[in-house]
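User: I would like to learn how to read a sheet and the helices packed around it. Please take me through one case, feature by feature.

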Amino acid sequence: MWKPAGASKCTSSSAGRRAAAAAVSCLLVAEMLVVTVGHPSGGDPGEPPAAGASGKVFSAYFRKLTRERRAISGPPRSSTPPGPVEHLSPGDLFIAVKTTSRYHRQRLELLLDTWISRNMQQTYVFTDGEDEKLRRKMGARLINTNCSAAHNRQALSCKMAVEYDTFVNSGKKWFCHVDDDNYLNVGSLLKLLSQYSHKQDVYVGRPSLERPIEATERLGTAEMKQVRFWFATGGAGFCLSRGLALKMKPWASAGTFMATAEHIRLPDDCTVGYIVEALLGVSLIRSALFHSHLENLGLVSNVHNQVTLSYGTVDNNRNTVNLKGPFSIIEDPTRFRSVHCLLYPDTPWCPSPRRL
């Protein structure tokens, strides 16, 4: 089993074709954000998406990934164990929100107005630049990682490394990662996680691919090994139990997460899957309650029961949940405000029932 050797860094100059193909497959999930939701070139519901061949490629990829009515086959475990195992409170959660400086106003303010406002004490925002206004709101829960603002493997893994170390030091029971374009329903999350023990090995989320990813693990200068594993896409969010997170230390703590990502040459969420499934032998538990912009969000039903939601734009069409709420599409293009008023009608800025 591979383990990082001290502070040594792996290079990517001599990989085989299959390793490169695996990296491209995994990066497709991250790089398609360029077309849909603006990582890093815009594309939020209020902005036009990128045009040209990339849009056509994404459309085909999107259709392939969004066969929502078909069950996904594969080895990951069921997400419906029998009954609650552990009583949890919001204080047991460590919620990490990954963002970048350019989206502090465009995305984070919406989250601060909605779900974060109800979960401020357990939510930590990981960014790449200082922001006085955001600092006044978040205090010490705003973490400036000093990582690059680029949307590449190294920058993403740098932020995930800081997220992991901060969680380990927090003593919390559950580590849950989301992106800055996710709405997190903490009530549904607690209900899901209460079905497991935080002391056991639990990795729960939703894959964005229909098959395990294949990658090349370099065991030495010339020796290589093919590995296959599932990973939960960070764009939909995922959670790790403390018991499992602590077992990840040899490959994730004190900066070794970045060395692991370079070793396998995959982005942050793929690297988490590599450590958990390929190195520790723990299977991903799939949950259909997590949602990213890579699926057809218009097919999501029972919105109030979902754990995460997202939004995006595909071929000039909005990709959001279908929800009749107190706000119009123009007023609420992401539908997050309408979702929030459905879950928390007592929110001061939500219209009262008499006004609807």
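User: Which residue is the bridge partner of His177 in strand 9?

Analyst: Strands of a sheet pair through backbone hydrogen bonds, either parallel or antiparallel. In this predicted model, His177 has Phe238 as its bridge partner in strand 9. Strand 4 and strand 9 are joined by 4 bridges and run antiparallel.

User: In which sense do strand 1 and strand 4 pair?

Analyst: Strand 1 and strand 4 are parallel, with 6 bridges between them. One of the pairs puts Val97 with Val178 of strand 4. Strand 1 also pairs with strand 2 in the parallel sense, over 4 bridges, and there Val97 stands opposite Val125. Val125 in turn has Leu142 of strand 3 as a bridge partner; strand 2 and strand 3 run parallel and are joined by 3 bridges.

User: In what order do the strands of the open sheet stand?

Analyst: The order is 3-2-1-4-9-6-10, which makes 7 strands in an open sheet with mixed pairing. Strand 3 (142-144) and strand 10 (285-286) are at the edges; each has a single partner strand, so one side of each is left without a neighbour in the sheet.

User: Which residues of strand 4 are on one side, and which on the other?

Analyst: In a regular strand the side chains alternate between the two faces of the sheet. For strand 4, Trp174, Cys176 and Val178 lie on one side and Phe175, His177 and Asp179 on the other, and both faces are covered. Because 6 of the 6 residues of strand 4 are buried, this strand is largely enclosed by the rest of the structure. Strand 2 is mostly covered as well, with 5 of its 5 residues buried: Thr123, Val125 and Thr127 on one side, Tyr124 and Phe126 on the other.

User: Which strands does helix 7 lie across?

Analyst: Helix 7 lies across strand 1, strand 4, strand 6 (203-205) and strand 9 (238-241), and runs at about 125 degrees to strand 1.

User: In the largest nonpolar core, which residues touch the most other members?

Analyst: They are Trp115, Leu189 and Leu193, in a core of 42 residues. Helix 7 gives the most to this core, 5 residues. Beyond its neighbours within four places in sequence, Leu193 is in contact with Leu88, Leu93, Trp174, Cys176, Val204 and Cys239. Another core lies apart, with 39 residues, including Tyr124, Ala215, Leu240 and Leu279.

User: Which residues of helix 12 are buried, and what covers them?

Analyst: The buried residues of helix 12 (residues 336-343) are Phe336, Ser338, Val339, His340 and Cys341. Their cover includes helix 4 (104-113), strand 5 (183-184) and strand 11 (308-309).

User: At what angle do helix 6 and helix 10 cross?

Analyst: Two packed helices are described by the angle between their axes and the distance between the axes. For helix 6 (residues 153-170) and helix 10 (residues 256-264), the axes cross at roughly 145 degrees and come within 8 Å. The crossing of helix 6 past helix 10 is right-handed. Helix 6 makes the contact with Arg153, Gln154, Ser157, Cys158, Met160 and Ala161, and helix 10 with Phe257, Met258, Ala261 and Glu262. By type, the contact residues are 6 nonpolar, 2 polar and 2 charged.

Definitions and conventions:
Residues are numbered from 1 along each chain as its sequence is written. This is a predicted model: local features need pLDDT of at least 70, side-chain atom pairs count only at pLDDT 80 or more; totals for chains, interfaces and linings use all residues. Side-chain values use heavy atoms; hydrogens and water are left out. Axes are lines fitted to C-alpha atoms, for helices over the stretch in contact, and angles run from 0 to 180 degrees between N-to-C directions. Helices (H or I, at least four residues) and strands (E, at least two) are DSSP runs, numbered from the N terminus. A crossing is left-handed if the near helix is turned anticlockwise from the far one by less than a right angle, and right-handed if clockwise. Contact means heavy atoms within 4.5 Å. Ala, Val, Leu, Ile, Met, Phe, Trp, Tyr, Cys and Pro count as nonpolar, Asp, Glu, Lys and Arg as charged, and the others, Gly among them, as polar. Buried means under 20% relative accessible area, exposed over 50%, partly exposed in between (1.4 Å probe, protein chains only). A nonpolar core is a set of buried Ala, Val, Leu, Ile, Met, Phe, Trp, Tyr and Cys residues joined through side-chain atoms within 4.5 Å. Two strands pair if DSSP finds at least two bridges between them.
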